[in-house]
Amino acid sequence: MSVRRAVTAVAVAAFLAFLPNAAQAAESYPDPLPLTGQQIIHDPTVIHLKSGGYVAYSTGGVIGARLSTDLHHWDDAGNAFATPPSWWYEYNNTGDPWAPDISRRDGRYWLYYAVSSWGTNHSAIGVATSRSGLPGTWTDQGKAFTSDTTDTWNAIDPAIVRANGRLWMAFGSYWTGIRMVELNPRTGKAVEGATVQHLATRPDAPYAVEGAYVVRHGRYYYLFASYDACCQGVNSTYKIRVGRSASVTGPYVDSTGKPMLEGGGDLLLASHGRYIGPGGESVFRDHGQDWLAYHYYDADDSGTPKLGLNRLNWTPDGWPAAF
């Protein structure tokens, strides 16, 4: 990017940040942070470890791992697990986990992930724990929540959020969209008999919304989600939308007041230039700065999925904007 273009992009982004509608025009979509090293990734979750440095876990391998000291250069660090836990094979015949989420509480790191097969909601979300958060140190704790073909939701794409002393997990993919269930903070698993809340969907089948992430900022909870089609390289139509609610369980609405249960959601990030189909997002906080992590398909590299990182700032009226 030239200096002139960079300055122009920043100026436009800054101007749009003060508009009442948080949706960003196509020309304002920011390029991700320049990265080096091992950038190939899908559905990333990132955290700054207490021991120093950063780890990113992702779909691929037995939950693929990347390590960095500065967020810019990433090294391949193998996998979270050496071998798949045996129960994974109840949900696919390859022991292939998807879309992890890492968090830290009560002196431990918690890694949630999904096990399923393409095109079915016979799915499970598992949970593992570690004292260090590093690959190879995880102890699997089994199933946290499951779905089956009789359910109207799909137990994949977990994301953990704490609210008012309680622990919640957003999840869902197609099958009427994004859901939420309360977890037992001691076990990290779903509260027995807990109501499955409904957070977001679309009015048209196949209800193409997934990859939820919930974060609190100020007095609101913000629901980020990936809309449309992933996993098709340069033909992917993924994009990231967002809404907010005063309650963690909703209702979530966009900046125009349209409910996310009716297909609403401000457009935060979409395809631009070489960066195709951004999605599979998560949010992490580091030294007071919020960051948006996601994958995109690199049009200059045959649609290879790569790690995208952007600073996430907040407009005066409380909506997120990527920079």
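## A tyrosine pair to start with

At 17% relative accessibility, Tyr220 counts as buried (under 20% relative accessible area; exposed is over 50%, partly exposed in between, with a 1.4 Å probe and protein chains only). Tyr222 is buried too, at 0%. Their ring centres sit 6.3 Å apart with the planes at 75 degrees, so this pair is edge-to-face. For the cut-offs, rings of Phe, Tyr and Trp (its six-membered ring) pair if their centres lie within 6.5 Å; planes under 30 degrees apart are stacked, over 60 edge-to-face, and the rest tilted.

A quick word on the model: it is predicted, local features need pLDDT of at least 70, side-chain atom pairs count only at pLDDT 80 or more, and totals for chains, interfaces and linings use all residues. Residues are numbered from 1 along each chain as its sequence is written, and side-chain values use heavy atoms, with hydrogens and water left out.

Leaving aside neighbours within four places in sequence, Val283 is in contact with Tyr213, Val215, Phe224, Trp291, Leu292 and Leu312 (contact means heavy atoms within 4.5 Å).

The whole structure holds 12 aromatic pairs. In one of them, the rings of Phe81 and Tyr113 have centres 6.1 Å apart and planes at 75 degrees, so they are edge-to-face. Phe81 lies in the loop between strand S5 (73–79) and strand S6 (97–105), while Tyr113 is in strand S7, 32 residues apart. Phe81 is buried at 8% relative accessibility, and Tyr113 at 0%.

## A buried serine

Ser116 is found in the loop between strand S7 (108–115) and strand S8 (123–130). Ser116 is buried, with a relative accessible area of 1%. Not counting residues up to four places away in sequence, Ser116 touches Tyr91, Asn92, Trp98, His122, Ser123 and Ile156.

How values were computed
Helices (H or I, at least four residues) and strands (E, at least two) are DSSP runs, numbered from the N terminus.
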